[in-house]
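Dear colleague,

I am passing on the structure we spoke about, and below it I have set out what was found. Please read the notes with the sequence and the model open beside you.

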Amino acid sequence: SALKALVSAAPKVELHLHIEGSLEPELMFALAQRNGVALPYKRVEDVRAAYQFSNLQEFLDLYYQGMSVLQTEQDYYDLTMAYLQRCQQDNVVHTEIMFDPQGHLERGIAFATVFNGISGALLDAERQWGLSHRLIMSFLRHLSEESAFAALAEAEPFLKHIHAVGLDSSEMGHPPEKFARVFARCRELGLKITAHAGEEGPPAYVWQAIDTLQVDRIDHGNRSLEDDALVQELVKRKLTLTVCPLSNLKLCVVPSLTQHPMLDMLKQGLKATVNSDDPAYFGGYVNDNYHALIDHLPLTHSHLYDLLRNGFDGAWMDDKQRQQHI
Ligand code: ADE
Ligand code: ZN
């Protein structure tokens, strides 16, 4: 359609992307072979066939298993460069990527190995294509506060190059307040704050992300719509929601895309954006996510313009990066 062509060609930002979730099965196999890691699959097609989830945890189990092939700095470089090439194809001009250091530290991979590989690719993409970036370090909420503080200590030599911290992994039973002290320390360090909230968890977790963690953005936020006072608060604060339509479908956060809340969010004045989350696992990159919305919701040219602009407004770009793109 004309709208799809318009969105595909438009300059875009991505604000919610887990780099480990961009590991395509082909690269997973190649890295497993390179590093002598055994995978519980015979063929690439078997991996794709396994990507059927009925909730967040079923996905996370495969996501953590998939990361086990990532071992050397080159692996992290190759992973990140493959994602950045997809950005280039999708006309994504600025991306803010998350990584999960604890998922690597736990396996004995040094923070520097992970960081150097990822940032090497980010810097090359900036030089080659003018693709700008921010790096977000995420804490795994199913692990302890102590583990989060330990990851923050490992990150210390690199903090000049890390713009923000996030909170991800299993939401239910791990409310934001579990990490109140970690995020207080991160705020003292001058880091921006985001947190996954209201993906599977209740509106109370979104309130905690706002009031206790003092977030600058909310990742997902779908279930905020169950609480009118919360919607009003998000609108008043102009807090960006990084929404991920294909992720929501694959993790059964919505029963179908025709029932996706994106249009409702825009109508209520929420600063919603379109993102891919874990594209290798959920079946699409940024343009695919826009196209899926266009196919299933009565979005107009003006709604799409708002979504694209909300992305630029919610991005943590500096003046130089903005001038480069706008
Ligand atoms: N880690 C990677 N993707 C995630 C998601 N959608 N929700 C929570 N944790 C994640
Ligand atoms: Zn996510």
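Which residue does UniProt list for "binding site" in an unreviewed entry? For that feature the record lists D278, with positions given in the numbering used here, feature names shortened, and annotations that may be inferred rather than shown by experiment.

Before going further, please note that this is a predicted model, in which local features need pLDDT of at least 70 and side-chain atom pairs count only at pLDDT 80 or more, while totals for chains, interfaces and linings use all residues. Residues are numbered from 1 along each chain as its sequence is written, and chains are lettered from A and ligands numbered from 1 in the order in which they are written.

**The annotated positions**

D278 sits in the loop between β8 (271-274) and α14 (279-282), where helices (H or I, at least four residues) and strands (E, at least two) are DSSP runs numbered from the N terminus. D278 counts as buried because 26 C-beta neighbours lie inside 10 Å; the cut-offs are 20 or more other C-beta atoms within 10 Å for buried, 12 or fewer for exposed, and partly exposed in between, with C-beta atoms placed from the backbone. Leaving aside neighbours within four places in sequence, D278 is in contact with H18, G21, Y63 and S247, contact meaning that the C-beta atoms, placed from the backbone, lie within 7 Å.

UniProt, again in an unreviewed entry, also lists H16, H18, H196 and D277 for "binding site". These four are spread over 262 residues of sequence, yet they cluster in space, with a largest C-alpha distance of 11.8 Å.

H16 belongs to strand β1 (residues 12-18) and is buried, with 31 C-beta neighbours inside 10 Å; apart from residues up to four places away in sequence, H16 touches D219, T242, C244, N275 and D277. H18 is likewise found in strand β1 and is buried, with 26 other C-beta atoms within 10 Å. Beyond its neighbours within four places in sequence, H18 is in contact with M98, D100, D168, D277 and D278.

**A helix pair**

Helix α1 (residues 2-9) packs against helix α15 (residues 286-296) at an angle of about 155 degrees, their axes being 10 Å apart. In this contact, L3, K4, V7 and S8 of α1 meet N287, Y290, H291 and I294 of α15.

With regards

Note on methods
Axes fitted to C-alpha atoms, helices over the stretch in contact; angles between N-to-C directions. Contact = placed C-beta atoms within 7 Å.
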